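Take a moment to look over the whole chain before reading on. The paragraphs below walk through a few of its features, one at a time.

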Amino acid sequence: MASHYEAPIRRPLVTGEKSYHDVTVDVARPVEGKANKAWWIVFNISLVAFLWGIGCIIYTISTGIGVWGLNKTVNWAWDITNFVWWVGIGHAGTLISAVLLLFRQKWRMAINRSAEAMTIFSVIQAGLFPIIHMGRPWLAYWVLPIPNQFGSLWVNFNSPLLWDVFAISTYLSVSLVFWWTGLLPDFAMIRDRAVKPFQKKIYSLLSFGWSGRAKDWQRFEEVSLVLAGLATPLVLSVHTIVSFDFATSVIPGWHTTIFPPYFVAGAIFSGFAMVNTLLIIMRKVCNLEDYITVQHIELMNIVIMITGSIVGVAYITELFIAWYSGVEYEQYAFLNRATGPYWWAYWAMMTCNVFSPQFMWFKKLRTSIMFSFFISIVVNIGMWFERFVIIVTSLHRDYLPSSWTMFSPTFVDIGIFIGTIGFFFVLFLLYSRTFPVIAQAEVKTILKSSGERYKRLRESGESLVGTGADERTSNVGAAAIITESSSNDSVDNSEKVSDLLGTIGSFDAASETADDLKKINGVGPKMEEVLNSIGIYTFLQVSKMTKREYDLLDSITGSFPGRAERDDWAGQAKNLLNN
């Protein structure tokens, strides 16, 4: 019988047995390298769609809102459908970043950066529709409560449409600050690796002077928690306020108290589906399969399954309350949705949003990349139809049969919507080429918990040096450490030193000048003495180090194992040589 219980090691969140240096290189590769052919194809398609949308917007503003398919009865349709759809997509980013941070969910670390970017870009698309719908977008500042030349002409604070302005602008501001704060360590990493002076200058400005000191990290943690605390209620408030646009009216099908929780669940549902769609593409295009793993996809599919079930319950509740109320107008509104002229939209909504997520109960399906990609697209189509059904079918048949009419989108309606999709992907593709798409500093903190590898190494008696699993540090001077090491096994160390210098080259004091190795981040006065005692004096020697030389150096010194690889001494030395 075993004398103790050993807890099972969790499934690794980072696969491929990555070292700290590997993480840095993998995250920096899309930014430092050239875009591949697939990236350019998707970017050009998105740019064409965006330019088409710009043309339709210019035509709308120059001609008037009459070019849309709206009429006196259906005065909200395509534009508000798209507005609510884009706001909903933006919900997953804040949920993944803020709520999962507060609950200490480590699986968020590889996907939060792209989810936050998706939030920013989708809220930008959402904000376009109300501004264009004003007819005179250059007067959009009238919705702000500012003194004006007309005297006491103030905006109507009782209108949910104005609440939208404040809710969404607050949401965008907090999400933007949260996103940028998380990017600071990664901007600094790109800055330190940059070779071109212009690139180095740009990322120096973007990183706001990040130096990696303990004080920087302390403030980073504090600000992240404060912003997460601010953003968490926004997850609930923003789409709740969007639902008030409908719930505060007296139109059958809208005047219901279930809208706020129903809209919030639907927003998280569609947001996670879009995150799934983007990350499945990105993990392939940017070669990030070891960071965005099947486990991440599975966990997001579970959230999609749960929120899809909540949305399905909300649909059934709406139908029940309409019947139970005994109000004939309410009963007819829901009967008309299911059997009226727009029945195809209603049943597309039900199929995509209620039935398709239930496949995720099966582990084999929710761990399938292709099936997850297909379902995530289906869900986003279904959530668009949900907003269309709520808005158009409730308006096209009102209390007066004489005013009943149909809505059909024009080419301008369709063009603007396609343009916003193109704009979204243009922004996202540019982001993937200029910003680190993985929070590399956070991912490095979970490498040790990427489990079975370290258990295997410990059981076989192999060294953990350089793997990120050895946290040994020493307060003894580095020079004393190497002296002690040499006295214990001088023959072995001399062979290792010869091997190391044979690879990186020896220093000739007669013809070469020693460099100030303390300029390398992670090399202090004591460590410089150690390196000099080994025979390492120049940036050129350090720049030739690879994984093998890092391990040799660690075994010679025995101090701060993995430090040289984690801090990328070779990369820093190359930059110092180029400068």
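Start with charge. Across the whole structure, a search finds 11 salt bridges. Keep in mind that this is a predicted model. One of the salt bridges joins the side chains of Glu 298 and Lys 363, with 2.9 Å from N to O. This pair ties together distant parts of the chain. Glu 298 sits in helix α10, Lys 363 lies in helix α13 (residues 363-366), and 65 residues separate the two.

Now stay with helix α10, and look at its partner. Two packed helices are described by the angle between their axes and the distance between the axes. For helix α9 (residues 259-285) and helix α10 (residues 294-325), the axes come within 9 Å and cross at roughly 150 degrees. Angles over 145 degrees count as roughly antiparallel, and α9 and α10 are therefore roughly antiparallel to each other. Their crossing is left-handed. What kinds of residues make the contact of α9 with α10? The contact divides into 19 nonpolar, 5 polar and 2 charged residues.

Next, turn to empty space. Rolling a probe the size of a water molecule over the atoms shows where such space is left. The second largest pocket has a volume of about 710 Å³. It is lined by 24 residues, and the closest to its centre are Pro 130, Met 134, Val 143, Leu 161 and Val 165. Which helix gives the largest share of this lining? That is α6, with 7 residues. Helices α3 (78-89), α5 (112-133) and α6 (160-193) each supply at least two residues. By type, the lining of the second largest pocket holds 17 nonpolar, 5 polar and 2 charged residues.

Notes:
Residues numbered from 1 in each chain as written. Predicted model: local features only at pLDDT ≥ 70, side-chain atom pairs only at ≥ 80, totals over all residues. Heavy atoms only, no water. Axes fitted to C-alpha atoms, helices over the stretch in contact; angles between N-to-C directions. Helix = DSSP H or I, 4+ residues; strand = E, 2+ residues; numbered from the N terminus. Parallel < 35°, antiparallel > 145°, perpendicular 65-115°, else oblique. Left-handed = near helix turned anticlockwise from the far one by under 90°. Nonpolar A, V, L, I, M, F, W, Y, C, P; charged D, E, K, R; others polar. 1 Å grid on protein atoms, 1.4 Å probe; cavity = no way out; pocket = protein on both sides within 12 Å on 5 of 7 lines; lining within 4 Å. Points joined across faces, edges and corners; volume = space filled by probe spheres on them. Salt bridge = Lys/Arg side-chain N within 4 Å of Asp/Glu carboxyl O.
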